[in-house]
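Hi everyone, thanks for coming along. I'd like to walk you through one structure this morning, so let me put it up on the screen.

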Amino acid sequence: MLISVEGLGYTYAPSTPLARTALRGVDLEIRQGERVGILGPTGSGKSTLAQLIAGLLRPTSGHVLLDGVAAHARTADARLRRLKVGMAFQYPEHQIFEQTVPREVAFGPRNLGLNDAEVEARVAWALDIVGLDPVEMADRVPLTLSGGEMRRLALAGILAMRPPVLILDEPTANLDPRGRQELLTRVLTWQAETELTLIVISHNLDDLARLAERVVLLVAGQVAADGPAREVLSDRPLLEDASFDVPPPVALLQALRQSGWAVATNRLLAEEAATEIAQVWSSTGGMV
Amino acid sequence: MSLLLPGMHVAGGTPLHRLDPRVKMGASLLLMVLPFVAPSLPSNLLLAGFVVALAILSAVPLMALVRTLRVVVWTGIFMFVFRLFTTPGTPLLTVGGISVTLQGLGAGAVQIYRLCLLVVVSSLLTYTTSPAQLAHGVEAVLEPLARLGLPVREFAMVLTIALRFVPTLFEEIEKIVKAQEARGALIRTGPLWKRVPGWVPVFVPLFVSAFRRAEDLATAMEARGFRSAHQRTHLYRLHLTRHDLAASLLILALGAVILFVEWRMG
Ligand SMILES: Nc1ncnc2c1ncn2[C@@H]1O[C@H](COP(=O)(O)OP(=O)(O)OP(=O)(O)O)[C@@H](O)[C@H]1O
Ligand SMILES: [Mg+2]
């Protein structure tokens, strides 16, 4: 599905004294299979943009088109397209209502009108992807789960709908480092298998470095940068203006470069930085 | 939230914002009661004009204020239709033995007008008065009852908290609706018979979060030393200024004029 965002603006509580403009003049185009990260400081409009793309908010100006159809339209056709955009919200407790974990996950697939066998298979599959044990979770009451488990559960509820477009709003908040790594790896594997469009919102540059090939930087509701992840996430002045630091591997490479090493500075992951350093080291024989 | 709801507070520095909450509560009460005491057209034109003037003075955009009436659209329609069919008088139209009367039309219109006035006046009160001020005012007005041993302060505290959370609840409903619609729930679209059960996945998380919030709030209050039986003093004291006096006189004058008009109209 092709997502086209054109001149998009959004104001909360328009024409009241509480009006608050969250987005202005945003243009984006996201093609099927792209992995896009959305980065921006608190309150920059990331979640608002995500909800507009999912057709959950009506734009104040401009459009969001899903394959050419307005995302928020109230027609059956638009609803079918919206169902192809899965969105895992920043606050998972906003959607948990069922009495057991499997039923909670089954809510979405049932709304798609799938048969029982298919629903059951998808529930087991989705719980496994997010790292919840389907057997142990069979009778758990969702409200008794921990914050991290709830986040996984909410994500499973979306994954089980197998949307071709998946939007993750702060997917790793509340997760421990190991859980975070596992989750990212599994989502990436699934993305590669299915040509999924992945849109990830995060404050965490390492999450974005792992998941995104393209990064859109939002500042005060406007697109401040849109380009390959390696370029955007290693652009120190740009990031510092938006109150972010470059990721630690980039900081290290930049420091090495300043002291005379001819390393490339746009390696975002620790592994990539290590390879780069090793290569330069061996090619110079350890001499600057 | 796409509209301003009754019960919300909009901070500001207009003369209405600065008035003593007791004066504003008294005035609101008077404005809501007057149309019942004074049914004639001239009185009500005067009254409606006064309320519009207050709305302009409050600096709340008039369109936003008008849109808050959406909240009572269904109540209004119900009341109108009820009056339309149950008021005896000259029949205009008879359907299956039930008649719509001319008097019914008038009575229905009057009901709608009163309802609108009620909503607009109470909205103006909450827009221009913070929940804390409002509760403080209630407490001050009920103070005499405290001497009889009634828990007036606790009541004021409960009121403050309840008012504070009304807008929060509406925002929460909005968020939950979006989260469930993202999972294909039919809530705002689709046939009516599918929409009603669609609200179950909205209300469960809403109540859960309301209870959780209440529990957190109770803990936070206790952690900061709140004890219901304790005598607490106020950070700000209420005292009436010359402006409050002037406003009180103005509203009393309005009441007097309207009653005079009513008396003359007979
Ligand atoms: N329901 C709402 N009502 C009114 N204003 C809102 C609402 N939701 C968000 N806003 C405002 O819109 C702006 C953008 O909010 P948004 O949630 O999109 O930011 P964000 O980039 O996701 O922030 P965070 O990183 O904290 O999640 C903020 O100024 C916020 O205060
Ligand atoms: Mg957000």
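Let me start with a question: which side chains of chain B and chain A meet in a salt bridge? Please keep in mind while you look that this is a predicted model. The pair is Arg183(B) and Glu104(A), with 2.6 Å from N to O. Between chain B and chain A the count is one salt bridge, while a search of the whole structure, over all chains, gives 19. The two chains also have six residue pairs in polar contact, counting pairs with both residues at pLDDT 80 or more.

Where does chain B's side of this contact come from? Three helices of chain B each give two or more residues to the side touching chain A: α4 (62-67), α8 (152-181) and α10 (200-223). The most comes from α8(B), with seven residues. By class, that side of chain B has 15 nonpolar, five polar and eight charged residues.

Now for the whole interface. Chain B puts 28 residues into the contact and chain A puts in 29. Together the chains bury about 2500 Å², and 63% of that is on carbon and sulfur atoms. On the chain B side, the residues losing the most area to chain A are Lys178(B), Ala182(B) and Arg183(B), which together make up 29% of what that side buries.

A quick look at chain B by itself. Its secondary structure comes to 11 helices and two strands. Along the sequence, the pattern reads α-α-α-α-α-β-β-α-α-α-α-α-α. The C-alpha trace of chain B spans about 65 × 60 × 40 Å along its principal axes.

Let's move over to chain A and its sheets. One is an open sheet of four strands, ordered β2-β1-β4-β5, with antiparallel pairing. Its edge strands are β2 (20-30) and β5 (69-70) of chain A, each pairing on one side only. At the β5(A) end, two bridges join that strand to β4(A), residues 61-66, and the two run antiparallel. If you want to find the spot on screen, Leu65(A) stands opposite Ala70(A) in β5(A).

Another open sheet in chain A has six strands, in the order β6-β7-β8-β3-β9-β10, and here the pairing is mixed. The edges are β6 (85-88) and β10 (222-228) of chain A. From one strand to the next, the twist averages 15 degrees. Strand β9(A), residues 214-219, is joined to β10(A) by six bridges, and these strands run antiparallel. There, Val219(A) stands opposite Gln222(A) in β10(A).

What does helix α1(A) lie across? In the four-stranded sheet, α1(A), residues 46-53, lies across β1 (3-12), β2 and β4 of chain A, at about 125 degrees to β1(A). The helix also lies across β3 (35-39), β6, β7 (165-169), β8 (197-201) and β9 of chain A, at about 155 degrees to β8(A).

Arg81(A) forms a salt bridge with Asp77(A), with the closest N and O atoms 3.3 Å apart. Both sit in helix α2(A), residues 76-82, and because they are four residues apart there, about one helical turn separates them.

Key: Residues numbered from 1 in each chain as written. Chains lettered and ligands numbered in written order. Predicted model: local features only at pLDDT ≥ 70, side-chain atom pairs only at ≥ 80, totals over all residues. Heavy atoms only, no water. Contact = heavy atoms within 4.5 Å. Buried area = accessible area lost by both parts, 1.4 Å probe. Salt bridge = Lys/Arg side-chain N within 4 Å of Asp/Glu carboxyl O. Polar contact = N/O pair within 3.5 Å; in protein donor to acceptor, adjacent residues only side chain to side chain. Nonpolar A, V, L, I, M, F, W, Y, C, P; charged D, E, K, R; others polar. Pairing = 2+ DSSP bridges. Axes fitted to C-alpha atoms, helices over the stretch in contact; angles between N-to-C directions.
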